[in-house]
Amino acid sequence: MSAGDLVTGLVIDGETVTTAESIPIHDPSRPDTVVGRTAAATPADCERAVEAAQRAFTGWAARSAAERADLVLAAFEPLAKSAAARAEILTRENGKCLQESQIDLAVFEGRSRAAAALAAGFPPLTTLAAPPFATRIHRVPAGVVTIIVPFNWPLAILGASLPYALIAGNTTVVKPPPTAPLALVETLRVMAEALPPGVLNVITGANDAVQPLLTDPRVQHVVFTGSTAGGRAVMALAARSLARITLELGGNDPALLLDDVRLDEDTVGALAGAAFMTTGQVCMAVKRVYVPRSRYAELVEAMGTALDGHRVGDGLDPETTMGPLNTARQRDVVQQMLEEARAKGAQVREYGGVDEDAVAGGGHYLRPALVLDPAEDLRVVTEEQFGPALPILPYDDLDALVERLNTEWSGLCSSVWSPDLDRADAVATRLRTGTTWINQANASACDDRAPFGGFRQSGVGREMGPEGLLEFTESHVVTAPA
């Protein structure tokens, strides 16, 4: 399996299916380089995948949760020998550093093991025995589940839903990201061969061609991770058949520094890492930093020192600390935000260096940037940047800030930073976001035992933890006379 020569097919009913047309996948570090090609599904291919999943559902749902968990974990065994190659392919199609790609693969398996650990005693059975009725409440699998994942951490994000859907007794169709499908398809192809046919299917292709994965009435649940705008589109399509949805959407995640925050190397390094991981292309990354006005200058200087050590370049280069953005379009969006901030009087400081050979290849590179004291109505503040641009905003009234943040469109994640844990906790509990961290943030701080999701326009439903299993079930009530 070598990049460049790799061509991935569809996976339907346990078999690899080739298509008449394929889609080239380009390297964000060298956009003229084709990493590989992926199959271009037709609507008929999607219908076949849904049909295979529907056909497999009865037998899969009839197994116990423990048996399903054992089969899911066994499907990881043949993947070990290809882990290094798949991580390299993921970096070449995604752009991020190789170490992050290796972690991506590992988190997928780790989250699957966490889901499997919940299989004992699942599904729960509730009994209501008081007259006049004797009632049992069963939790049963929903049916066919479509799962759509983004480019940034495709395997890790899939790990928040796929193993939970399968262990809960559902069959699945996975739609990989269009710009970075190769490593994911290769992973799922091997897993699908180890599972009963039809339990795990994989479809790649253009959005219009794969609409049946959202609108087919046999699809009972749709899971989507991506932008808020994308979530609205998915929700509208799924509404045609009233399929249930789980949406993990965009976040404009604030970090609130309290006035006693220690701006030492460890704290500032953690804050910078939480903001610029994967070149800022993480939904749960710190997107804005609010700091007391009295500590503002100190924070700016400390963050600048931390960011100056970055080396931007090809993700396969061991010297690289930050890769390119995944697409030229997103690079341009971030650049436009920075240019708008400059035009409106905000100071934009860029840090670190870009590898000259990488620049010569035309990659989608940006240096990490701080946007200093921008107006609150600028796009770099109000929208999710999804790139290496971080606004630093001084505040004077913590209570007013918390109240305002709780009314914004975004409600995915937030963080509070203070050495006084009781004080930080008091602020954290007031923030209306799906997750609030204390003195940490982003994926490295995510506790996979807990449910994950967002408030307001940052999502619908929850993934992972016991709630992650129940999300893929329906309540079936059986009542008889007492």
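I started with Asp13, which sits in the loop between strand 2 (10-12) and strand 3 (15-17); helices (H or I, at least four residues) and strands (E, at least two) are DSSP runs, numbered from the N terminus. This is a predicted model, in which local features need pLDDT of at least 70, side-chain atom pairs count only at pLDDT 80 or more, and totals for chains, interfaces and linings use all residues. Residues are numbered from 1 along each chain as its sequence is written, and side-chain values use heavy atoms, with hydrogens and water left out.

Entry on phi. I noted that Asp13 has a positive phi, near 60°, in a residue other than glycine. Asp13 counts as partly exposed because its relative accessibility is 28%; the cut-offs are under 20% relative accessible area for buried, over 50% for exposed, and partly exposed in between (1.4 Å probe, protein chains only). I also looked up Phe386, a non-glycine residue with positive phi, near 50°. Phe386 lies in the loop between helix 14 (379-382) and strand 19 (389-395). At 17% relative accessibility, Phe386 counts as buried.

Entry on cis bonds. I found the peptide bond from Phe122 to Pro123 to be cis, with omega near 5°. Pro123 is in the loop between helix 4 (98-116) and strand 6 (125-128). The bond from Pro131 to Pro132 is cis, with omega near 10°. I placed Pro132 in the loop between strand 6 and strand 7 (133-141).

Entry on domains. I took the bounds as domain 1 (7-250 + 458-481) and domain 2 (253-445); they come from an automatic or database domain assignment. The C-alpha centres of the two domains lie 31 Å apart. The contact (heavy atoms within 4.5 Å) takes 24 residues from domain 1 and 29 residues from domain 2. About 2000 Å² is buried between them, with carbon and sulfur atoms giving 56%; buried area is the accessible area (1.4 Å probe) that two parts lose on being put together, summed over both.

I counted 1 salt bridge between domain 1 and domain 2, the term meaning a side-chain nitrogen of Lys or Arg within 4 Å of a carboxyl oxygen of Asp or Glu. I also looked up the salt bridge of Asp314 with Arg30, whose closest N and O atoms are 2.4 Å apart. On the side of domain 1 that touches domain 2, strand 5 (30-39), helix 3 (83-94) and helix 4 each supply at least two residues. Helix 3 gives the most to that side, with 5 residues.
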